[in-house]
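Reader: I'm new to reading protein structures. Could you walk me through this one, bit by bit?

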Amino acid sequence: MSHPAPHHRSLWHRSLWHPYAQMQTQAPAPKVVGGKGAWLHLEGNERLLDATCSWWCMIHGYGHPRLVAALKDQADRLCHVMLGGLTHDPAQRLADALVRITPEGLNHVFYSDSGSVGMEVAMKMAVQYQVQRGKPGKHRMLSLMRAYHGDTTGCMAVCDPEEGMHSLFSGFLPEHPFAPAPTAPFDAPREAVEADIAALRRMFERHHHEIAALLMEPLLQAAGGLNMTSPHYVRAARELCDEFDVLLVFDEVATGFGRTGKLFAAEHAGVTPDIMVLSKGLTGGYLGHAATLATTSVFEAFLSDHADRAFMHGPTFMGNPLACRVALKSLSVFEDEDYLGKIATLSEILRHELLGDEALGSDPLIADVRVLGATAVIEVIDATTLEGVQAFARERGVWLRPFGRWLYTMPAYITTPGEMRRITEVMKAWFQR
Ligand SMILES: *Cc1c(COP(=O)(O)O)cnc(C)c1O
């Protein structure tokens, strides 16, 4: 049977439903045909410097020769095999590597295929852990306002219910308590964080009997508005979890692999969570994958002579050999090429160019400018201030994609100092027009 050919371009475009996009009014998306380093190659010979490294995951930039070679080599050996009842070297070696580099005590790795699913795994693990310790009443999560933990149903329920993107579904989602978003900035002294900690303590006092785990994006609430918060708050969260017998889950999907200036945000506070989730930077962005790590005390709650106490979860593509191989290569490149040094250099440039800029500091349209590691944001008072900034940046050869009131950059770590300044110049130029 023959199908009618599409009559006009828009039909072609409509066959591909884009994320977070109003398909009726969205301008045609630029078409990417390749990429090298921090640059996207578009059709028609256009080049765009990517200020966001593809939703923060392409930390080595595009077309990295060592990562591509690892994928090709693995593709020749084994592209995929189920992890149910079978094992393979890339999955085992990556688990060992993640145990080695993550905070002391996280000794067990459960794989899945995306950040959202990694968080679903963390929540399910926390609830079953409580059940198996004889505390079935602890079946809710405690989350924070301004949190973002993913788009699947369980994750939507622990995203900020007001500012988040999911309020439409409130009648469909399970209900969890939320503590206020922390307000004290990264470098605040302990006294300045007391009010945030007291507000969190009140939530523990009120709800601990029904709470399996506290979820947090340590130091950087990313998609909820790039809220940069204090290591004192993270340490206090650890203490409260211990005091009230609640698990601490760190969602390091965005912060993991250097984004805040240390390999993991948890290191700024010297804290080990009970469960930690990694994704975005895990494979250097080259394939979707995630890891949910657990301490031995969590892991051992699942050991038993009874099969039904096992962790009953298993995504089809967990431990995919291609993803594990490229993740291993990503870690090698990160270590061999002193990425933490590169991140420190980028951070210095961001501070100098954005925090040190008097015009930005005194602009009445701007609410705040923040920098943490290789992340910088200009928060405006009114979202309409940013209307048109994406086209403005594209004319200047830069790919920026602001959301809400936040114009930000989270560059690939291989971005050169010159490229980093080009990005900050364009961000500043928008306000100098
Ligand atoms: C992106 C993100 C997620 C969701 O990851 P996906 O791979 O998009 O499912 C979860 N948590 C945080 C902190 C994120 O930034």
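Reader: Which residues is Thr 283 in contact with, leaving aside its neighbours within four places in sequence?

Author: Keep in mind that this is a predicted model. Thr 283 sits in the loop between strand S11 (275-278) and strand S12 (290-295). Leaving aside neighbours within four places in sequence, its contacts are Leu 67, His 289, Ala 323, Val 326, Ala 327 and Ser 330.

Reader: Is Thr 283 buried or exposed?

Author: Buried means under 20% relative accessible area. The value for Thr 283 is 1%, so this residue counts as buried.

Reader: And which residue's backbone oxygen lies 2.6 Å from a polar atom of the Thr 283 side chain?

Author: Here we look at the side chain of Thr 283, in the loop between S11 and S12. One of its polar atoms has a backbone oxygen 2.6 Å away, and that oxygen belongs to Leu 287.

Reader: Where does UniProt place the feature "modified residue: N6-(pyridoxal phosphate)lysine"?

Author: The record here is an unreviewed UniProt entry. The residue it marks is found in the loop between S11 and S12, and its contacts, not counting residues up to four places away in sequence, are Trp 55, Trp 56, Cys 57, Val 253, Ala 254 and Gly 285. The position given in the entry is Lys 280.

Reader: Let's move to the nonpolar parts. Which residues touch the most other members of the largest nonpolar core?

Author: That core has 106 residues. It draws at least three residues from each of domain 1 (32-55 + 338-430) and domain 2 (67-336). The members that touch the most others are Leu 98, Leu 200, Leu 214 and Phe 257.

Reader: What does Phe 257 touch?

Author: Residues up to four places away in sequence are not counted here. What remains is Ile 59, Leu 98, Ile 101, Leu 263, Phe 264, Leu 278, Gly 281, Leu 282, Leu 331, Phe 334 and Tyr 413.

Reader: How many residues are in the second, separate core?

Author: Among its members are Trp 39, Leu 49, Ala 376 and Ile 378. The size of this second core is 28 residues.

Reader: Now the charges. Why can charged side chains pair up at all?

Author: Opposite charges can pair when the charged atoms come close. In this structure, the number of salt bridges is 23.

Reader: How many residues apart are Arg 325 and Asp 73?

Author: Their side chains meet in a salt bridge, 3.0 Å from N to O. Arg 325 is buried at 16% relative accessible area, whereas Asp 73 is partly exposed at 27%. Arg 325 belongs to helix H11 (residues 321-336) and Asp 73 to helix H3 (residues 65-77), so the pair links distant parts of the chain. Their separation is 252 residues.

Reader: Which residue forms a salt bridge with Arg 405?

Author: Arg 405 lies in the loop between strand S15 (398-399) and strand S16 (406-409), and its partner is in strand S14 (residues 375-380), 26 residues apart. The closest N and O atoms are 3.0 Å apart, and the partner is Glu 379.

Reader: Is Glu 395 buried or exposed?

Author: Glu 395 forms a salt bridge with Arg 396, with 3.6 Å between the closest N and O atoms. Arg 396 is partly exposed, at 36%. Exposed means over 50%, and Glu 395 comes in at 66%, so it counts as exposed.

Conventions:
Residues are numbered from 1 along each chain as its sequence is written. This is a predicted model: local features need pLDDT of at least 70, side-chain atom pairs count only at pLDDT 80 or more; totals for chains, interfaces and linings use all residues. Side-chain values use heavy atoms; hydrogens and water are left out. A nonpolar core is a set of buried Ala, Val, Leu, Ile, Met, Phe, Trp, Tyr and Cys residues joined through side-chain atoms within 4.5 Å. Buried means under 20% relative accessible area, exposed over 50%, partly exposed in between (1.4 Å probe, protein chains only). Domain bounds come from an automatic or database domain assignment. Contact means heavy atoms within 4.5 Å. A salt bridge is a side-chain nitrogen of Lys or Arg within 4 Å of a carboxyl oxygen of Asp or Glu. Helices (H or I, at least four residues) and strands (E, at least two) are DSSP runs, numbered from the N terminus. A polar contact is a pair of N or O atoms within 3.5 Å; within protein, one must be able to donate a hydrogen and the other to accept it, and residues adjacent in sequence count only if both atoms are side-chain atoms. UniProt positions are given in the numbering used here, feature names are shortened, and annotations may be inferred rather than shown by experiment.
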